[in-house]
Amino acid sequence: MRASSLSFRRLAASALALLAASSAGSAFAQPMAPSSAPACPATPAALLPAFAAWSNATTLESATDRPGLAMTKIAPGEAEALTLHPMAEVHYALPPQKPAAPGTFGGMVALHVTTAGTYRVALSSAAWVDLVSAGAALPTTAHGHGPDCSGIRKIIDFALQPGDHVVQIVGNATSTITVLVVPQG
């Protein structure tokens with residue numbers, strides 16, 4: 001009887017293991033639940049006055065090298081829908097602080113500010129941004145997400161002095177991105 005009891009226990013343990021494995025397998029085969037992002041209305045959410053220009057972006061081709069920056073100037077308070085280039089074609093003013101994934105896009109634009117302060121760079125996607133001034137990448141002072149349903153995916157803050165700067169867009173998933181630089185106020 002002892003041998004049959006041992007065989008029964010092994011059979012029961014095997015059956016439980018098989019049942020657990022098939023349950024786990026079916027759980028992993030289920031489609032993932034949708035993200036908790038809010039369902040957005042057909043009309044984008046109202047923006048703070050500083051970001052009002054977001055919905056009036058004009059189209060601008062980004063630069064692929066330093067000489068091209070002369071043709072790609074953006075001004076604070078003006079939104080631009082930038083056309084980007086395959087990463088292999090872009091020769092940045094300063095090597096990006098974060099490497100780009102293969103098959104992504106990037107570019108540069110010149111930015112001139114006349115007043116010292118914190119400036120916010122708003123982007124329509126999760127691309128990496130370096131802000132270059134006097135040959136060095138500036139540290140960010142804050143970063144976060146844009147308002148839900150606004151089209152602004154992320155906002156990065158930089159402390160800028162008056163003068164010329166370069167906004168470097170790195171590793172964007174698509175060949176376009178909307179950018180808006182505004183003084184924090």
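Mentor: Two strands pair if DSSP finds at least two bridges between them. Helices (H or I, at least four residues) and strands (E, at least two) are DSSP runs, numbered from the N terminus. This is a predicted model, in which local features need pLDDT of at least 70 and side-chain atom pairs count only at pLDDT 80 or more, whereas totals for chains, interfaces and linings use all residues. Residues are numbered from 1 along each chain as its sequence is written, and side-chain values use heavy atoms, with hydrogens and water left out.

Trainee: Which residue in the turn of the S7 and S8 hairpin has a positive phi?

Mentor: S7 and S8 (residues 136–137) are antiparallel, paired over 2 bridges. Ser133 stands opposite Ala136 in S8. The hairpin has 2 residues between its strands, and the one with a positive phi, about 55°, is Ala134.

Trainee: In S11, which residue does Trp128 stand opposite?

Mentor: S7 and S11 (residues 163–172) run antiparallel and are joined by 5 bridges. In S11, the residue opposite Trp128 is Val170.

Trainee: Which are the edge strands of the open sheet?

Mentor: The sheet has 6 strands with mixed pairing, in the order S1-S3-S12-S6-S10-S9. On average its neighbouring strands are turned by 25° against each other, direction ignored (axes are lines fitted to C-alpha atoms, for helices over the stretch in contact, with angles from 0 to 180 degrees between N-to-C directions). The edge strands, each pairing on one side only, are S1 (58–61) and S9 (140–145).

Trainee: What is the bridge partner of His145 in S10?

Mentor: S9 pairs with S10 (residues 154–160) in the antiparallel sense, over 5 bridges. Within S10, the partner of His145 is Lys154.

Trainee: How many residues apart in sequence are the parts that Cys40 and Cys149 tie together?

Mentor: The structure holds 1 disulfide, meaning a pair of cysteine sulfur atoms within 2.5 Å. Cys40 and Cys149 form it with their sulfur atoms 2.2 Å apart, and the link is left-handed, at -80° about the S-S bond. Cys40 lies in the loop between H1 (2–29) and S1, and Cys149 in the loop between S9 and S10, so the separation of the tied parts is 109 residues.

Trainee: What is the relative accessible area of Cys40?

Mentor: Cys40 belongs to the disulfide with Cys149. Cys40 is partly exposed, and its relative accessible area is 46%.

Conventions: Buried means under 20% relative accessible area, exposed over 50%, partly exposed in between (1.4 Å probe, protein chains only).
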